[in-house]
Amino acid sequence: MNAAFNVKSRWSWLVMLLIATGLLLVGGMRDTGPLTQQDRIDLITKHLACPTCQGESVYVSRAPSAEAIRSEVARQVAASVRTNDEIIGYIEQRFGGQVLLVPRSTGLEVLVWALPVVALVCAVAALAFSFRRWRTVSGGEISQEDARLVADALNNQDDRP
Amino acid sequence: MFADSGVAGTVGRALLLVGIVGSLFGAIAAISSARTREAAVTKLISRFAILNAVAAVGAFASMEYAMITRDFSLAYVQKVGSTATPALYNFAAVWSALEGSLLMWVLILAGYTVAVSFWLRKKMDDVLTNWAMGVMFIVSLFFFLLSFGPANPFVVGAAGVVDGPGPNPLLQNHLLVMFHPPMLYLGYVGMTVPFAFAIAALVTGRVGEGWLLATRRWTLFAWGFLTIGIILGGWWSYEVLGWSGVWAWDPVENASLLPWITATAYIHSVLVQERRGMLRVWNLSLLVSTFSLTILGTFLTRSGVLNSVHAFSESAIGPWLLSFFAIIVVVSVGLIGWRGDRLHSPGSIDSALSREGAFLANNVLFAVFAFVVLLGTVFPLVVEALQSRTIVVGEPFFDQLVIPIGIAMLTLMAIAPVLPWRKASGELLSQRLFWPAWCGIGALALSVFVGATGFAPLLAFGLGGFATGSALRQVVLATRRQGWRGLVGRANGGMIVHVGVIMISVALAASNSFTHSQELSLVVGKPATFSGHTFELIDVVQITTDRDISVKALVSVDGGKPYAPAITKFTKIGMNVGTPSVRTGFGSDIYLTLEPPVRQDSNEARIKVFIKPLILWLWIGSGLMAVGTVLAAFPGKRRKPTDPTSALIDSHEVSR
């Protein structure tokens with residue numbers, strides 16, 4: 001019975017995995033459909049910082065400085081000569097270095113990308129280390145009081161409803 | 001009006017002084033009661049807590065009185081008050097700037113202090129209670145001093161002022177300003193209670209599980225309000241700011257999210273300590289982090305340091321908050337180090353594939369999440385300090401890092417709820433995860449069928465379905481066994497919170513990935529179409545009040561009733577504020593904004609249309625989170641208090 005269940009369940013998990021992979025491939029690879037001009041403007045302005053705000057993107061901000069960049073991006077998109085990256089580069093040149101919202105991956109900015117990975121590795125390593133310690137040192141000394149508590153509890157287990 | 005001049009100010013200042021004295025003596029009474037054990041001193045603790053609360057309520061009421069009577073003798077009323085502000089927004093104007101917000105902090109903290117003292121009135125002779133009250137009073141003292149000193153809202157202003165600009169237009173534009181800040185502060189400030197108990201446990205050396213059990217409802221209460229506060233902030237952003245989003249990863253938002261992340265980690269990992277006696281240092285650290293992050297967040301957002309590293313020393317409260325943050329960290333780390341020997345956890349772990357293993361994985365994810373948010377928020381400061389140049393870290397950075405974390409969290413939410421404590425076998429998992437996994441496949445198939453694209457959103461939808469299956473499995477099994485009691489208690493209420501979180505994740509994934517927008521130039525009588533909907537401009541109207549001039553474009557969507565996106569010019573401040581108008585639906589929202597410039601008599605208007613899928617589920621999920629939190633706070637099926645968790649596992653338990 002048990003073995004039969006095992007085989008059956010193994011097969012059904014395999015089927016599930018295949019279906020999931022298939023669906024992900026179908027959905028993930030297909031075309032996302034045409035972007036409107038406005039969609040392109042939104043995509044680009046999400047990567048540009050509003051020069052006069054605190055950490056807001058041009059997409060989010062309603063400040064006049066953001067408005068100015070937004071209409072420049074709109075002009076560039078309407079002209080449809082430059083690619084998205086080229087438009088971002090152009091705006092960056094025209095409006096100065098601060099307008100890029102995504103930190104670069106050069107210089108000191110490398111840290112902002114690298115440190116989260118370092119943190120994850122450290123956290124996982126610390127957890128793995130703790131697991132080893134927990135499994136080798138099983139518990140500590142049991143005090144008499146603790147032992148009595150457990151014994152009492154085990155004795156009283158019968159009057160559970 | 002001038003007959004009242006100064007009364008509110010004088011009374012307010014006096015009451016803040018009373019609060020300072022009350023907290024100081026309260027702290028002295030609590031700590032000396034802990035040391036001397038004298039009943040007469042112990043009795044004083046609650047009285048000082050009441051005195052504090054009276055002083056704080058009185059000071060806040062004085063400020064409200066000054067605002068309502070438009071007492072322009074006060075500098076704060078000159079800054080945010082105006083004769084033209086409607087009554088409700090005028091009431092909320094009290095917390096629309098720094099000084100008033102800190103006064104609300106004082107009020108809520110005093111409220112918590114008196115509530116804790118009332119709740120513990122029969123345990124006031126306990127040393128742990130005394131120390132916890134002592135810590136509460138010391139934190140109160142700090143905030144009373146801050147409010148009396150560098151951020152005093154009762155400072156007398158320039159003479160002869162008879163009117164002011166009123167609060168920031170964005171803060172007198174939607175009713176949510178009445179609720180978002182108080183909710184957020186109830187959460188933020190509420191984290192002081194578990195922190196106070198954590199410090200008290202360390203000081204008294206009673207670092208076992210007793211204090212945890214005592215404070216878990218307080219933590220849940222504060223966490224619930226913090227959650228609601230953050231979500232109301234997102235809702236406000238959606239309804240008011242006009243960029244159609246709920247979250248922009250700006251520093252102020254991040255400051256509220258950080259303590260929420262560590263508190264959420266704590267709510268999970270504390271279960272491991274309760275059941276297995278492990279993670280004592282870690283849980284203490286999470287509570288200390290949560291509280292200190294509320295202070296750090298306030299420092300970051302209120303001191304001006306984010307404008308420039310050097311601005312914080314110019315702001316009056318910057319050095320205060322930074323010093324307080326440093327003291328908290330040093331004292332807490334020192335205490336944890338000092339109690340190192342007692343904090344050695346007696347428990348041990350059997351297998352990574354177990355409930356406790358899942359909670360540990362959860363904590364790794366939450367820790368990395370908090371680190372990413374903190375790093376992204378303070379990194380511009382680091383670059384400015386080291387290289388004297390400014391950079392901005394914004395939404396694309398956070399999205400890139402947080403999306404994988406979110407997917408990992410959904411995966412964990414799918415598997416963890418079915419895991420037993422101690423150890424799970426592959427067979428058991430395969431059995432328990434079978435139907436939840438099919439839910440996931442179903443959700444994935446449905447998303448592909450309705451046209452969703454992209455790996456990340458599809459993974460989110462599929463895992464969302466899987467995790468919903470796991471959560472509902474727990475609730476269904478529990479209600480089948482215990483009837484309505486299967487809905488209450490931490491495990492069951494927690495699963496309802498999970499379903500809410502999943503709805504929010506799915507709504508965010510959908511709205512971030514599949515929003516389409518288009519700008520339409522509308523002329524009266526000539527409908528335009530976008531994304532299968534027709535938009536027809538019916539009229540452009542102008543409404544003038546004392547406060548503002550508002551131009552509205554009446555736009556009928558699909559021939560239905562007109563929506564009215566507007567641009568409002570606040571005449572006194574000279575600022576234009578757009579107000580979106582939203583047609584809400586279960587499938588998608590149609591979000592309309594009016595784009596400048598607008599002329600009332602032109603019969604034309606430029607509107608921007610956003611089609612945003614599943615946004616409504618964000619609010620439904622939030623409501624479910626709130627309901628789940630309340631259910632989780634009720635005691636569930638009582639385990640016998642001495643139920644031996646280290647005893648052999650019941651064989652029925654395993655095969656279930």
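Where is the place of B:Pro194? Select B:Pro194 and look: the residue sits in helix 8 (residues 192–204) of chain B. Helices here are DSSP runs of H or I with at least four residues, and strands are runs of E with at least two, numbered from the N terminus.

Before moving on, some ground rules. This is a predicted model, where local features need pLDDT of at least 70, side-chain atom pairs count only at pLDDT 80 or more, and totals for chains, interfaces and linings use all residues. Residues are numbered from 1 along each chain as its sequence is written, chains are lettered from A and ligands numbered from 1 in the order in which they are written, and side-chain values use heavy atoms, with hydrogens and water left out.

**Stop 1: around B:Pro194**

Stay on B:Pro194. Its relative accessible area is 0%, so it is buried (under 20%; exposed is over 50%, partly exposed in between; 1.4 Å probe, protein chains only). Now show B:Trp211, B:Thr219 and B:Leu287. B:Pro194 is in contact with these three, leaving aside its neighbours within four places in sequence. Contact means heavy atoms within 4.5 Å.

**Stop 2: aromatic rings**

Select B:Phe60 and B:Trp95. Their rings are stacked, at 6.4 Å centre to centre with 15° between the planes. Rings of Phe, Tyr and Trp (its six-membered ring) pair if their centres lie within 6.5 Å; planes under 30 degrees apart are stacked, over 60 edge-to-face, the rest tilted. B:Phe60 belongs to helix 2 (residues 39–68) of chain B and B:Trp95 to the loop between helix 4 (87–92) and helix 5 (98–119), so the pair ties together parts 35 residues apart in sequence. Both residues are buried.

Then select B:Trp105, B:Phe142, B:Phe143, B:Tyr185, B:Tyr188, B:Trp320 and B:Phe324. Ring pairs link them into a cluster.

**Stop 3: where chain A meets chain B**

Show both chains. The contact takes 63 residues from chain A and 74 residues from chain B. About 5900 Å² is buried between them, 68% of it from carbon and sulfur atoms. Buried area is the accessible area (1.4 Å probe) that two parts lose on being put together, summed over both.

Zoom in on A:Glu109 and B:Arg389. Their side chains meet in a salt bridge (2.8 Å, N to O). The term means a side-chain nitrogen of Lys or Arg within 4 Å of a carboxyl oxygen of Asp or Glu. The interface has 2 salt bridges by this rule.
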